[in-house]
Amino acid sequence: MIRELDRPLPEHRTPAEQVIRDLVSDVKRGLVASAGPRYFGFVVGGATPASLMADWLTSAWDQNAQVYATSPAAAAAEVIAARWIVELLGLPVHSSVGFVTGCQMANFTALASGRNAVLERAGWDVDSRGLFGAEPITVFMSECGHATVRSALHMMGVGSAQIREIPSDAQGRMQLSALEAEIRRASGQPMILSVQAGNVNSGAFEPIEAVADLVREENAWLHVDGAFGLWAAVSPELNGHLKGMERADSWATDAHKWLNVPYDSGIVIVKNPVQHRSLKTSRCAYAGEESEGRRDGSSWAPENSRRARAFVVYAVLRELGRAGVQDIVERCCMLARCFARGVTQIPGAQVLNDVVLNQVLVRLGSTTANGADALHRAVAARLQAEGRCWLGTTTWRGIRHSGYRSATG
């Protein structure tokens, strides 16, 4: 791909029509049909007609959603889209919402807000005193938790020595007995707990209500990492997996997965807006005064200059409605179950996870680490080369496996 695109930097202007013709020609071999119905990798969503067209308009309008003054329209779209998201997910009505690039920054925003909150309750003001000298925060998460949570923790000043990775069960969920023992050891200290709503390999959910019970009397912040699994809340068939999620302090998810909007689009939700706002306390001199009823989008996200992502989220929620989002989620999960049943008919193939959501984890043939790694890489490469569909591989319990993930509506 680099060879096709690699040209000397032009000294003079190139006609826009030629640039676009060349670009289309040069990249076509490297584009992945991730929006199509035979793409089963990475929990990548597609795009609905309204979301795609709203994304085109967002680029054409080129609004900076930093503050109300830079785009009253973008601010209004954020207000309404935020209210709809909270209502759709069944979260506390006064929760605040930020529109970010993806679940990495959603996790960062939520966890940094949590860091500030637990330290404030311990008598330490992060805004004035920073982190130097503050009481260490203990963070609990599954050993099978997503890498974006660990990355977010490192970015906000929490080191590996402060992260307690709790042993997990066969589905990748934290073992409650092990978590309870660790919480007892850390009792009285500031703590953050990150639970999974949809393990990236197995689709498994951690028991949010049981975890909330364990830290009811502690100085703790409970966060739900639900990049795709949080959308199970829209389904009466699936929302039992999220029992007690309203008791959490923050939630992170993506719109570019099951909500099927073009990249990039992540969402962070925090129960207490004051604690959410603790993430950013400085204001640019040129931004003007903030006033009630005029939302400044950058107050709820790490970035200042920001793409007006809420136009697209607003459009897809109007297009789909509650019933449409529910249909997409339930249909994808039904197709995952069908896929798993089909796999069991293949000699030598084994489904390793309980298919509770849209993930199917498949082992083929050899069970040794080296043999499985080579075999799964070879099978995935052949399928991808043939172009029938796109299946990815993943490492689970130290062994390479194949994975089916359905996120496209």
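1. In this predicted model, the side chains of E182 and R164 come together in a salt bridge, with N and O 3.0 Å apart. The two residues belong to distant parts of the chain, E182 lying in helix α8 (residues 176–186) and R164 in strand β4 (residues 163–166), 18 residues apart. E182 counts as buried, at 19% relative accessibility, whereas R164, at 30%, counts as partly exposed.

2. A salt bridge also joins R309 to D264, whose closest N and O atoms are 2.9 Å apart. Here the pair spans 45 residues, linking the loop between α10 (273–277) and α11, where R309 sits, to the loop between β7 (250–254) and β8 (266–270), which holds D264. R309 is buried, with a relative accessibility of 8%, while D264 is partly exposed at 29%.

3. Salt bridges with shared partners also connect E209, D213, R216, K243 and R247 into one network, and the structure holds 24 salt bridges.

4. Another of these pairs is E4 with R29, with 2.5 Å between the closest N and O atoms. E4 is in helix α1 (residues 2–5) and R29 in the loop between α2 (16–27) and β1 (39–40), 25 residues apart; R29 is exposed, with a relative accessible area of 58%.

5. Turning to helix packing, the axes of α4 (residues 72–89) and α11 (residues 310–343) come within 8 Å and cross at roughly 30°, which means that α4 is roughly parallel to α11. Their crossing is left-handed, and the contact involves residues including W84 and I85 of α4 and F311 and Y314 of α11. The residues of this contact comprise 14 nonpolar, no polar and 4 charged.

Note on methods
Residues are numbered from 1 along each chain as its sequence is written. This is a predicted model: local features need pLDDT of at least 70, side-chain atom pairs count only at pLDDT 80 or more; totals for chains, interfaces and linings use all residues. Side-chain values use heavy atoms; hydrogens and water are left out. Axes are lines fitted to C-alpha atoms, for helices over the stretch in contact, and angles run from 0 to 180 degrees between N-to-C directions. Helices (H or I, at least four residues) and strands (E, at least two) are DSSP runs, numbered from the N terminus. Angles under 35 degrees count as roughly parallel, over 145 as roughly antiparallel, 65 to 115 as roughly perpendicular and the rest as oblique. A crossing is left-handed if the near helix is turned anticlockwise from the far one by less than a right angle, and right-handed if clockwise. Contact means heavy atoms within 4.5 Å. Ala, Val, Leu, Ile, Met, Phe, Trp, Tyr, Cys and Pro count as nonpolar, Asp, Glu, Lys and Arg as charged, and the others, Gly among them, as polar. A salt bridge is a side-chain nitrogen of Lys or Arg within 4 Å of a carboxyl oxygen of Asp or Glu. Buried means under 20% relative accessible area, exposed over 50%, partly exposed in between (1.4 Å probe, protein chains only).
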